Amino acid sequence: LKTSSDPAIETIKARIFIKLGQVEEAVSMFDELAKKYKNYAPLYHYRGMAFMLRGQPKEAIRSWQEVIKINKLYAQSHGLDKRISIAQKMIEPTKVESH
């Protein structure tokens, strides 16, 4: 497992960092994996989650949009369109009604 070159196993390793609250390490690992496995949708899915935990909704959106490009069915089955919508609301300025 230490020297795995399987994208699923390596993605799980990065997800473990998230579970341990080590988001910086997770993002760093996901960034490295993205260079190695450009077409592995789950990697970008969980990378987006790590970005959200890091308070970076724009980066999360980019990552989830990558999932949509790679595998639309995967993106649909994980509700990434809804996650993108939530992340977009986080970056849009709040509209205040004037009276």
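Does D31 count as buried, exposed or partly exposed, and at what relative accessibility? D31 counts as partly exposed, because its relative accessibility is 27%. Buried means under 20% relative accessible area, exposed means over 50%, and partly exposed lies in between (1.4 Å probe, protein chains only).

This is a predicted model, in which local features need pLDDT of at least 70, side-chain atom pairs count only at pLDDT 80 or more, and totals for chains, interfaces and linings use all residues. Residues are numbered from 1 along each chain as its sequence is written, and side-chain values use heavy atoms, with hydrogens and water left out.

Start with the fold. The chain has 6 helices and 0 strands. Its pattern along the sequence reads α-α-α-α-α-α. Helices (H or I, at least four residues) and strands (E, at least two) are DSSP runs, numbered from the N terminus. The chain has 99 residues, and 35% of them count as buried. Its accessible surface comes to about 6700 Å². Carbon and sulfur atoms hold 54% of that surface. Such areas come from the Shrake-Rupley method with a 1.4 Å probe; for residues, only the protein chains shown count as cover.

Contacts come next. A contact means heavy atoms within 4.5 Å. Take the contacts in the chain with a separation of 6 or more: residues 24 or more positions apart account for 43% of them.

Now the core. In soluble globular proteins, nonpolar side chains tend to be buried together. A nonpolar core here is a set of buried Ala, Val, Leu, Ile, Met, Phe, Trp, Tyr and Cys residues joined through side-chain atoms within 4.5 Å. The largest such core has 25 residues, of which F30, L33, L43, W64 and V67 touch the most other members. At least two residues of this core come from each of α1 (7-19), α2 (23-36), α3, α4, α5 and α6. α2 gives the most, with 7 residues.

Helix α4 takes in residues 57-70. Its 14 residues should span 20 Å at 1.5 Å a residue, and its end C-alpha atoms are 20 Å apart, which agrees. The expected span is 1.5 Å times one less than the number of residues. Buried in α4 are P57, A60, I61, S63, W64 and V67. Seen down the axis of α4, the buried residues fall within an arc of 165°, so they line one face of the helix. The arc is that of the directions from the helix axis to the C-beta atoms. R62 and K69 are exposed, on the face of α4 turned away from its buried side. The buried residues of α4 pack against α3 (41-53), α5 (72-77) and α6 (80-91).

W64 deserves a look. Leaving out residues up to four places away in sequence, W64 touches Y44, H45, G48, M49, M52, L80, R83, I84 and A87. M90 sits in helix α6. With that same exclusion of residues up to four places away in sequence, M90 touches M52 and P57.

Helix α1 can be read the same way. Its 13 residues should span 18 Å at 1.5 Å a residue, and its end C-alpha atoms are 18 Å apart, which agrees. E10, T11, A14 and I18 are buried in α1. They cover an arc of only 105° around the axis, which puts them on the same side of α1. The buried residues of α1 pack against α2 and α3.

Last, the charged pairs. The structure holds 5 salt bridges. A salt bridge is a side-chain nitrogen of Lys or Arg within 4 Å of a carboxyl oxygen of Asp or Glu. One of them joins K36 and E10, with the closest N and O atoms 3.1 Å apart. K36 lies in helix α2 and E10 in helix α1, so the pair ties together parts that are 26 residues apart in sequence. K36 counts as partly exposed, at 48% relative accessibility, whereas E10 counts as buried, at 7%.

D31 forms a salt bridge with R47, the closest N and O atoms being 2.8 Å apart. This pair links distant parts of the chain, with D31 in helix α2 and R47 in helix α3, 16 residues apart. R47 counts as buried, at 18% relative accessibility.

K35 and E32 also meet in a salt bridge (3.2 Å, N to O). Both lie in helix α2, 3 residues apart, about one turn of the helix. K35 is exposed, with a relative accessible area of 55%, while E32 is partly exposed at 47%.
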